[in-house]
Amino acid sequence: MKNLCWIRRDLRLHDHAALSHALSSGETTIVFIFDKHILDKLKNKSDKRVTFIMQSLQEMEKTLQKKDSSLIIRYGKPEEEIPLLCEELKIQKVFTNRDYEPYAKKRDDTVAKKLALMNVEFETFKDGVFCEKTEVLTGSGTIYKVFTPYKNKWLEHFEATGNNVSDFECPLKNIRKFSHKKNILDYPWYKEIGFVEDAPLLTGGTSEALKRLKKFDKLMPEYKEARNFPAVDGTSNLSVYIRFGNLSIRDMIRAGISDRSEGAQTWLSEIIWRDFYHMILETHPYVEKESFKRDYDQIKWQGTDEDFQAWCEGRTGFPIVDAAMRCLNETGMMHNRPRMIVASFLCKILLVDWRKGEKYFAEHLLDYDLAANNGGWQWSSSSGCDAQPYFRIFNPYTQSEKFDGDGTFIRQWVPELARASKKEIHRPDPLLFQDYPRPIVSYEANRVRCLAMYSAALPKTK
Ligand SMILES: Cc1cc2nc3c(=O)[nH]c(=O)nc-3n(C[C@H](O)[C@H](O)[C@H](O)COP(=O)(O)OP(=O)(O)OC[C@H]3O[C@@H](n4cnc5c(N)ncnc54)[C@H](O)[C@@H]3O)c2cc1C
C-alpha cells in the first residue's frame, strides 16, 4: 500500500494518530502544504508564525533525512495539490488528523470528494483534542453548553476508558526512502511563499516543546496560584507548541496526570477548556462570526475607532492594559490573566465590539487558535456559552493591584512608569507622569455606559 500522511497543525513525528496508522498499513510519504488560502490572508509578510512552522518542519526534516527520507513540501491550494501529488506518487490512501475549524472541514470535504473520484481513500483521525463532540454528552445525548458539567463528564469518560492516554507509536521503518530537492532545509521556501524569516522568541519544534514540558513539570504543583500572575513564570508556555502540534494533547495530559497535586488538576482543567471550545466551534460554527448567545448581536457598540487604535497600540492610559498590549505587539504572546483584562476592557470599558479585538489577537498571537480565541473573547464579552454575566466588569485598576501588585509586569513593558512607586503604578497621576498617556476614558463613567448599552439590547431576563 502506498500511503500519504498529510500534516497540517500536527508538526511532529511522534504520538501522531494519522502517521501511526499510515506507517502501520504501508509505505508512507509525509506532505506539508503551505496553504495559499491561509497565507494570502496574512498581511504581515514577516509573520513569526511562518518562521515557527519552518523551524518545526526543519526539525522533522532532519530526523527524516537520517532515515534517508524527506518531507514533501508544496505551496498552493490543498484541494489541488493533494490530488496532484496522489497522482504523481500513485498514492492509494491519504491519512490525516481531523481539524474542527469551519475552513478546514470544508477543505477536507472537498479533498475527500476529489480523491474519491480518483479511487484514492481519505481517512481522518482524532488527534488534536482528547475528546471529540460525541464523546462527552449529557444524559439525554445533547451537547454541554456549560463548562463544569462538561468537565465532570470528560473526567468520567477519561476514568471509564481507563485513563488511557497511550501513545500512537510512529516507528519510521515504513517511511518512503527518497531525497526531495525542494526540501525545507535546502530550498528557498520563504521566497517561494512570499514571506521573510522573523524568528519568534520561542523556537519551533518538538525538542524545544519537550524541554518546556519538562521544565513545567517542576512548576506544576504551584500552578493553581502561580498561573494568575503575569510577572511570574507560573504557566507552561506551551500553547504555541500545542497549536502547531509539536506536542500531542496526550503528551500534555500524561504530564498532568503523572502529578497528583492540585496544580496538576487545575492544569488538566485548562486542557479540558481547550477541548470544550473546540467542541463548541465544531457544533456551533456560526460563532466564528456571531455571538453564541444571539441576543448579544443586538448590542449597539458605542466605542470609537480612535479608542480601539489606542488599545491596539498600548496607549490607553491604563497601565496593565498597555503593558499587556505592548507585550503582545512585541512578542506575539500574552499571559492568560492580561488576556482576560484587555478583552474585558475593550468590550466593557471602551465599548468596542469583541470581534475587533478577536481579529487583532488572531493577527498577532503566536498561539492563535480560532476555537480558544473565539471562546476567550466571547467569554470576556459575555456573549459566549458559559460566559461570565454581562454586569461583571473587570476593574483594570484592582486587577492590576491584585495580579501585578508590585508592578513588575507593567514596569517591563511601560518604561514611562519605571520609576513609579508600587502604589502609584496602577493608576498613575497624569501630572507626575507626563510622558505616559492620560486615560482615554473614565473607567467609572464607562462602566455605567456599558451596563446601559448591554441592558438596552438584552431581554430583561438575560
Ligand atoms: C481573550 C482570550 C483569547 C485567547 N486566545 C487564545 C488563543 O488564540 N490560543 C490559545 O491557545 N489560547 C487562547 N486563550 C487561552 C489562554 O490565554 C492561553 O491558552 C494561555 O494563556 C496559554 O499559555 P500557557 O501555554 O502558558 O497556558 P497554561 O496555563 O500552561 O495552560 C496549558 C494549555 O491549556 C490550554 N488552555 C489554557 N487556558 C485555556 C483556555 N482558557 N481556553 C482554551 N485553552 C486553554 C492551552 O493550550 C495551554 O497551552 C485565550 C484566552 C482569552 C481570555
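1. Start with the ligand: 28 residues surround it, and Tyr223, Thr235, Ser236, Asn237 and Asn336 are the closest. Near here means that a residue has a heavy atom within 4 Å of the molecule. Keep in mind that this is a predicted model, where local features need pLDDT of at least 70, side-chain atom pairs count only at pLDDT 80 or more, and totals for chains, interfaces and linings use all residues. Numbering runs from 1 along each chain as its sequence is written, and side-chain values use heavy atoms, with hydrogens and water left out.

2. Now the polar contacts (pairs of N or O atoms within 3.5 Å). A ligand oxygen sits 2.6 Å from a side-chain N or O atom of Thr235. On its own the ligand exposes 830 Å², and the protein buries 94% of that (Shrake-Rupley areas, 1.4 Å probe).

3. What is the shell around the ligand made of, by class? It has 16 nonpolar, 7 polar and 5 charged residues, with Gly counted as polar and Tyr, Trp, Cys and Pro among the nonpolar ones. Helix 10 (239-243), helix 12 (262-283), helix 15 (336-349) and helix 17 (370-381) each supply at least two shell residues. Helix 12 gives the largest share, 6 residues. Helices are DSSP runs (H or I, at least four residues) and strands are too (E, at least two), numbered from the N terminus.

4. Why does the ligand lie between two domains? Domain 2 (128-166 + 206-283) and domain 3 (288-457) both give residues to its shell, so it lies between them. The bounds come from an automatic or database domain assignment.

5. Elsewhere, an open sheet of 5 strands runs in the order 3-2-1-4-5 with parallel pairing (pairing takes at least two DSSP bridges). Strand 3 (71-76) and strand 5 (121-125) are at the edges with a single partner strand each, so one side of each has no neighbour in the sheet. Strand 2 (residues 27-35) pairs with strand 3 in the parallel sense over 6 bridges, and Asp35 stands opposite Gly76 in strand 3.

Conventions: A polar contact is a pair of N or O atoms within 3.5 Å; within protein, one must be able to donate a hydrogen and the other to accept it, and residues adjacent in sequence count only if both atoms are side-chain atoms.
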